[in-house]
Amino acid sequence: MKIIVAYAPGGANDMTARIYAEALSVRLQQSFVVENRPGASGISGTVQAAKAEPDGYTLMLGAGGVMTINPALHQNLSYEPLRDFAPIGLASRSPLVMVVPSSLPIKSVAELIAHARARPEGISFASPGAGTPLHLAGELFTRQAGIKALHVPYKGSAPGIADVIAGRVDLMCDALNSSLPFIRSGKLRALAVTTAQRSDQLPEVPTLQEAGLKDFDVSSWFGLFAPANTPREIVGLLAAELQKATAMPETRQKIANIGLETVSSTPEQLRAMIEREQLRWKEVVRQANIKP
């Protein structure tokens, strides 16, 4: 069996796929291989996965970017997530964390909002590129908070974080596993996590909902998908085994070791989540006039 990853080796998507390939091979007594097909913001590999034979032997580990953000960014996208894929279930997620330079005398979301409103130019926030999940999370925050903000795009998270640490940019919504070492070393200050629940890795850091931003719940997530028209009984079997794999202690530990959290869902829950997120990101893209 094959799990297609639409990104290059070494990232969170790829590592999640390899952890679950190993767990599912044990559960199903069937060998799994991970095949990386990067390119075009995940579009190339996603299209190839959609065109695979719907026999249950080719799956894809899809991410929020290809399933919910690309449809908002690209008017003529060559795939449609809920038409071309059968959701199987969630596998892992990474909360995003709002970080500011430790040199900035701001220790809460309320103080950040007050700081932004007191400055005619507002604040600046970094992201690894226009249209990325981290960019859209920042746009969603600034709109819900009602503050003026300048988006500063970088070619990846690392240079963005470097400029936040240096104080050249005020804020970044970053993947938790990326910023955690700098938070623990004192180079960055974490103001909030973007998920509805606090993170086990930063239990002392509040959520944005706790800070007063109603219904704010954003994460970088990964889920397993099959090509559309895969027989329902095969999708059901894979969904049941995936949920059991997420509960295995060794899987949970391996996922935690790469800075992520295990999470599970039914196919129906994953489909409903994608529908909600597609609507949300379409509106954010429209309001912010974001171009791919």
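## Pocket exercises

The largest share of the lining of the second largest pocket comes from α11, with four residues. This is a predicted model, in which local features need pLDDT of at least 70, side-chain atom pairs count only at pLDDT 80 or more, and totals for chains, interfaces and linings use all residues. Residues are numbered from 1 along each chain as its sequence is written, and side-chain values use heavy atoms, with hydrogens and water left out.

**Exercise 1.** Describe the second largest pocket by volume, elements and class.

Step 1. A pocket is an open set of points on a 1 Å grid over the protein atoms alone, where a 1.4 Å probe fits, with protein on both sides within 12 Å along at least five of seven lines; lining residues have an atom within 4 Å of a point. The volume, the space filled by probe spheres set on the points, is about 290 Å³.

Step 2. The lining includes Leu90, Arg93, Asp217, Trp221 and Arg280. Two or more residues each come from β4, β9 and α11; helices (H or I, at least four residues) and strands (E, at least two) are DSSP runs numbered from the N terminus.

Step 3. The lining divides into five nonpolar, two polar and five charged residues. Asp, Glu, Lys and Arg count as charged; Ala, Val, Leu, Ile, Met, Phe, Trp, Tyr, Cys and Pro as nonpolar; the others as polar.

**Exercise 2.** Which residues are the closest to the centre of the largest pocket, and which element gives the most to its lining?

Step 1. The largest pocket has a volume of about 940 Å³. Of its 38 lining residues, Tyr7, Thr132, Pro133, Ser220 and Phe222 are the closest to the centre.

Step 2. α3 gives the most, six residues.
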